[in-house]
Amino acid sequence: MILDNPIYIGQIRYDVHQDWSRRLGKGTNKEPILIPGHHEAIIDEQLWAKVRSLRDAKKSRPSRIFAGEYLLTGLMRCPQCGATMVASRTKNRLKGGQVNVRRYYVCGAFRSKGASVCKSNGVNADKVETHVLNKLREVVLKPKVLKDTSEHQACRASATRSPSPTRRSGRLWCGSITCSARPT
């Protein structure tokens, strides 16, 4: 590449590869020897240095593309390949100059490896998060679920106070017949 080769600015580079037995790029010297050549420079040295510094500045990754919480990141799976769904967003500028931001969950394999691996399978984040939270409210606020949860907590509390609670599959269990939180 022109930006990596100092021959274009009238210099010759020596001692680039320190160990030829290693694979390509592994034995590269970070600071090779540069000497003026007997040929005429094609590119001005100041311009070459300026363009290289601009390129190096663009190489660094941005700290974070966007801030914000995506409630279901890592919990949802792609229906096609099974990869986790990850956060994504799009920005559109409206006629009035306002910026419209749409949040999505997309297939992580598609996001990182492209269309050859999977499809986007994008889902509107606001809609799916609202749906999941509404379903959780429905389940949690059912009288039976509230009763079972409180019984389970009481059962666990008594099991931890008793001298010999039974431990099954990593959970404490008192062994009570009325406890609905039996170990799996």
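This is a predicted model: local features need pLDDT of at least 70, side-chain atom pairs count only at pLDDT 80 or more; totals for chains, interfaces and linings use all residues.
Which strands are among what covers the buried residues of helix 3?

Helix 3 takes in residues 125-140, 16 residues in total. From its first C-alpha to its last it reaches 22 Å, close to the 22 Å expected at 1.5 Å a residue. Its buried residues include A125, V128 and E129. Those residues cover an arc of only 100° around the axis, so they sit on the same side of helix 3. As for the cover over them, it includes strand 4 (99-107) and strand 5 (123-124).

Now for the largest pocket. It holds about 260 Å³ of space, and 14 residues line it. Lying nearest the pocket centre are D4, R13, K30, P32 and R52. Helix 1 (residues 45-59) gives the largest share of that lining, with 5 residues. Here's how the lining splits by class:

| Class in the lining of the largest pocket | Count |
|---|---|
| Nonpolar | 5 residues |
| Polar | 2 residues |

Last up is Q11, which you'll find in strand 1 (residues 11-14). Is Q11 buried or exposed? Q11 counts as buried because its relative accessibility is 18%, and buried means under 20%. Setting aside neighbours within four places in sequence, Q11 is in contact with P6, L34, I35, P36, G37, H39 and E45.

Technical notes:
Residues are numbered from 1 along each chain as its sequence is written. Side-chain values use heavy atoms; hydrogens and water are left out. On a 1 Å grid over the protein atoms alone, a cavity is a set of points where a 1.4 Å probe fits but cannot get out, and a pocket is an open set with protein on both sides within 12 Å along at least five of seven lines; lining residues have an atom within 4 Å of a point. Grid points are joined across faces, edges and corners, and a volume is the space filled by probe spheres set on the points. Helices (H or I, at least four residues) and strands (E, at least two) are DSSP runs, numbered from the N terminus. Ala, Val, Leu, Ile, Met, Phe, Trp, Tyr, Cys and Pro count as nonpolar, Asp, Glu, Lys and Arg as charged, and the others, Gly among them, as polar. The expected span of a helix is 1.5 Å times one less than its number of residues. Buried means under 20% relative accessible area, exposed over 50%, partly exposed in between (1.4 Å probe, protein chains only). The arc is that of the directions from the helix axis to the C-beta atoms. Contact means heavy atoms within 4.5 Å.
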